[in-house]
Amino acid sequence: MLLSNLEMVPGRRVAKHLGLVQGSTVRAKHVGKDIFAGLKNIVGGELKAYTELLQESRDEATQRMVKQAEAAGANAVLNVRYATSSITAGAAEIFAYGTAVVLE
Amino acid sequence: MQLILDNLDVLFFVVLFFIGYVAGRWNERRHYASIRKRERELAGVLVFSNRFPPVAAAQVDSRLVSGSVVISDDYFKDVMSGLYSLFGGRVRSYESLIDRARREAVLRMKDEANKLGAEMIINVKFQTFAIGGRNQNSVKGVELLAYGTSLAPVRR
């Protein structure tokens, strides 16, 4: 599965458009990690646990989008976009969407 | 002794403020040094916000690459932002925080592209997401995401 946030693939022709595919996941944070992150709020620096959490969630949302594209018979998803929004104080939704296409 | 006990919260604040200032500055300086060093190392990977690849790049392998980072503010920055929000104007303590996060995200994206053998990344998009900060106890941080399409020459 080829993923790209371009509207085309250089050197290849889009044979068929299959429409919008999407994947999303809602993740909550971990209390134990939060205590350490609370300490980091005093001295500053990267919150590695949070970076990983959001990265994992984004990977999962992307995987779900890819699964949907596979089910539709696509071999590429173009114009991929990400969106993140906070649902409540402790949880965030990660959303990935794009257009499923068949490349020649 | 009684005076110290009575003003324990003030003492606590002053200590945190001082720790935040010293450790925060040290962290920021170290991070900037690391950013500058890696920016020189990855200068070979070009980054564009163009939607279309250059005409010369007809035979390329395109792939989605991304980089993200969550950066926490420190106690000093937190207090300063509170003060700034009273008077308005530029919140300098946060400007440098976001700048660091965005450059770090771009570097991670470049690093991923570099590992794929790409020479450029096009159609780069940025996304900023504030974590927490809704109540006093929640952890404050900001996530910066950079993503784009890496173009690597096809090897034959």
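Tutor: Let us begin with contacts in chain B: among those between residues at least 6 apart in sequence, 78% join residues at least 24 apart. Please keep in mind that this is a predicted model.

Student: What percentage of the contacts in chain A with a separation of 6 or more do residues 24 or more positions apart account for?

Tutor: In chain A, such residues account for 77% of those contacts.

Student: Which secondary structure elements does chain B contain, and in what pattern do they follow along the sequence?

Tutor: Chain B comprises 4 helices and 4 strands. Read along the sequence, they are arranged as α-α-β-β-α-α-β-β.

Student: How is the radius of gyration of chain B to be read against the globule rule?

Tutor: The rule gives 15 Å for 156 residues, whereas chain B has 21 Å, so chain B is more spread out than a compact globule. Along the principal axes, its C-alpha atoms fill a box of roughly 80 × 25 × 25 Å. Of the 156 residues, 41% count as buried.

Student: How do the elements of chain A run, and what are its dimensions?

Tutor: Chain A has 2 helices and 5 strands, which run β-β-α-β-α-β-β from the N terminus on. Its radius of gyration is 17 Å, while a compact globule of 104 residues would have one near 13 Å. The C-alpha trace spans about 55 × 25 × 15 Å along the principal axes. Buried residues make up 42% of the 104 residues in chain A.

Student: What can be said of surface and charge in the two chains?

Tutor: Take the surface to begin with. Chain B exposes about 9,200 Å², with 59% supplied by carbon and sulfur atoms. For chain A, the accessible surface is about 5,100 Å², and carbon and sulfur atoms account for 56% of that. As to charge, chain B carries 23 positive and 16 negative charges, whose mean positions are 6 Å apart. Chain A has 12 positive and 10 negative side chains, and the centres of these two sets lie 1 Å apart.

Student: How is the interface between the chains to be described?

Tutor: The size of an interface is often given as the accessible area lost when the parts come together. Here the area buried between chain B and chain A is about 3,200 Å², and carbon and sulfur atoms give 54% of it. B:Leu64, B:Phe129 and B:Val139 supply 19% of the area that chain B buries against chain A, more than any other three residues. The contact involves 43 residues from chain B and 37 residues from chain A.

Student: Is A:Leu54 buried or exposed, and with which residues is it in contact?

Tutor: A:Leu54 counts as buried because its relative accessibility is 5%, under the 20% cut-off. This residue lies in helix α2 of chain A, which covers residues 48–71. Leaving aside neighbours within four places in sequence, A:Leu54 is in contact with A:Ile94 and also with B:Val70, B:Ile131 and B:Glu143. A:Leu54 and A:Ile94 are 40 residues apart along the chain, yet their C-alpha atoms are separated by 7.9 Å.

Note on methods
Residues numbered from 1 in each chain as written. Chains lettered and ligands numbered in written order. Predicted model: local features only at pLDDT ≥ 70, side-chain atom pairs only at ≥ 80, totals over all residues. Heavy atoms only, no water. Rg over C-alpha atoms; globule rule 2.2 N^0.38 Å. Buried < 20%, exposed > 50% of the residue type's maximum accessible area, 1.4 Å probe, protein only. Contact = heavy atoms within 4.5 Å. Areas by Shrake-Rupley, 256 points an atom, 1.4 Å probe, with all protein chains shown as cover. Lys, Arg positive; Asp, Glu negative; His and termini not counted. Charge placed at Lys NZ, Arg CZ, Asp CG, Glu CD. Buried area = accessible area lost by both parts, 1.4 Å probe.
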